[in-house]
Structure formats: structure tokens, C-alpha cells
Amino acid sequence: MFLIVIINFFEVLAAIIGSVYSFKYHKERGSRYLIYFLWLTVFVEVFFGWLPYFIQENEFFHYLRGTILERNSWIYNIEVIIKFLFYSYFFLSYIKNKKMRKTLNYGMIFFFITTIINLIFSNIFFETISSYTYITGSILLMISIVFYFMEIMNTDEILYFKKTLPFYIAVGALLFHLSMTPLFIYSRYYSNSRSPEYVSIYRLILTLANVFMYSCYSIGFLVCFKSNDKTIRGK
């Protein structure tokens, strides 16, 4: 439980710092939607993430036992779809190349339709997080980030890309999913009772990956905050 608290802390921290940044620089492209997404993540992780624990451990919530709220796989299956669609849309908003935009749009449509079909016919919606959704979503995310980097390499933005918010979002999200996707695929074949060592390592890596990703987001907001302040003072 301590590791979950650490993850929640860095999620909330990134959302708060981002909210302050968005409030001051509310015209920043894409930042407002990113803040909405971060707070949605906080809500899902804190409320639905902890709810099964309280239902099982606290008699006050005994009336919820046996309901869909006792297991949170269904909400995470929805969140994962929203997450990858959002990331793709976020980077799409920074891409001007028509071919890249068209490819990403088709990719997002394909991802959404096939993941919904998979959840309907696989009967895993209430059982576990869909591997298909996670794998195809990670591929879509990586393509989006590669397109974003290709875009900035052909513009003047390459001169100051380390001072832009999408750079930090790209680094955090890319490294998180590169490290976690392989572990996620294999984690479904291990249980705490049969492979406690693997589960412990998985949880530790998951925590470190989350801390790194949300720290990147927080640093990105702070760097952009400082950069914008200098620009304003320079005027």
C-alpha cells in the first residue's frame, strides 16, 4: 500500500503544478486538456484504485461486496482507452504535417474500434485489463511521439525543444510505456501466491516508472513556467 501512496502523491503533485501553470498561461496549446486528463487520472487512481481495498477490509462498505465496484478492472479498461487516445490527440495537436496527421487520425480510429470489439467479445472487461488495448495503445503512443519528434526536427522548435511542455510529456510517457508494457504482458501469468518475487519486482518497477513519468510532467510545467516568466519580463 505504501507504494500506491507514493504513486498517488506524484500524480496529485503533477496535477497541482500543472493546474497552477495552466491558470497563469491558460492559452498554452494543449495544456488545459492535459490538466483535465491528469485530474481524471487522479480521480480514477485514488477513488477506484482504493475502493476495492476499503470494500474488502472495511465492514462499513460490506453492502458493496459482490458488486462491480469490488473489482476495478472495468474502469481501468475504460481509462486505458481514454489515456492512449488522449496522448495521441495531444501530440497530434503539435503536428502540422498532413500525412502524419492523417496517419494518426486513422490510427486512433482503428485503435478505438478494435479495442471496443476486443472488450465486447473477449469477456475480460470485468476480469482484467486488456493486453490488446495496452499493447496497441502503446504502439499508437510511440508512433505519435516519433511523429512529434520528426515534426520538431524540421522546424525552428528544435532549437528550444527542451523548454517546451510536449518534450517532457513525450519523454515521461515514452519511457514509462517502454518499460512497463513488456512487464504488463507477462504479469497476468503470475500471481502473488505462486510468484511473490516477480510481483514484488513488478510493483517496485511500476512505482519507479510512475514516479519518473509524473516527475517529468512536473518538471516540464516548472520549466515552461520559468521560460514564460522570462519571456514576459523580457517584453
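Student: How do helix H2 and helix H3 pack, and at what angle?

Tutor: Helix H2 (residues 31-57) packs with helix H3 (residues 73-92) at an angle of about 165°, and their axes are 11 Å apart. Axes here are lines fitted to C-alpha atoms, for helices over the stretch in contact, and angles run from 0 to 180 degrees between N-to-C directions. H2 is therefore roughly antiparallel to H3, a label given to angles over 145 degrees. The helices themselves are DSSP runs (H or I, at least four residues), numbered from the N terminus.

Before we go on, this is a predicted model, in which local features need pLDDT of at least 70 and side-chain atom pairs count only at pLDDT 80 or more, while totals for chains, interfaces and linings use all residues. Residues are numbered from 1 along each chain as its sequence is written, and side-chain values use heavy atoms, with hydrogens and water left out.

Student: Is Thr41 buried or exposed?

Tutor: Thr41, which sits in helix H2, counts as buried because its relative accessibility is 5%; buried means under 20% relative accessible area (1.4 Å probe, protein chains only). Not counting residues up to four places away in sequence, Thr41 touches Glu11, Glu79 and Tyr214, with contact meaning heavy atoms within 4.5 Å.

Student: OK, next pair: how far apart are the axes of H3 and H4?

Tutor: The axes of H3 and H4 are 10 Å apart, and these helices pack at an angle of about 175°, so they are roughly antiparallel to each other. The contact includes Asn77 and Phe84 of H3, together with Met108 and Leu119 of H4.

Student: Switching topic, where is Ser130?

Tutor: Ser130 lies in the loop between helix H4 (98-122) and helix H5 (131-153), and at 0% relative accessibility Ser130 counts as buried.

Student: What does Ser130 touch?

Tutor: Leaving out residues up to four places away in sequence, Ser130 touches Asn77, Asn118, Leu119, Ile124 and Phe184.

Technical notes:
Helix = DSSP H or I, 4+ residues; strand = E, 2+ residues; numbered from the N terminus. Buried < 20%, exposed > 50% of the residue type's maximum accessible area, 1.4 Å probe, protein only. Parallel < 35°, antiparallel > 145°, perpendicular 65-115°, else oblique.
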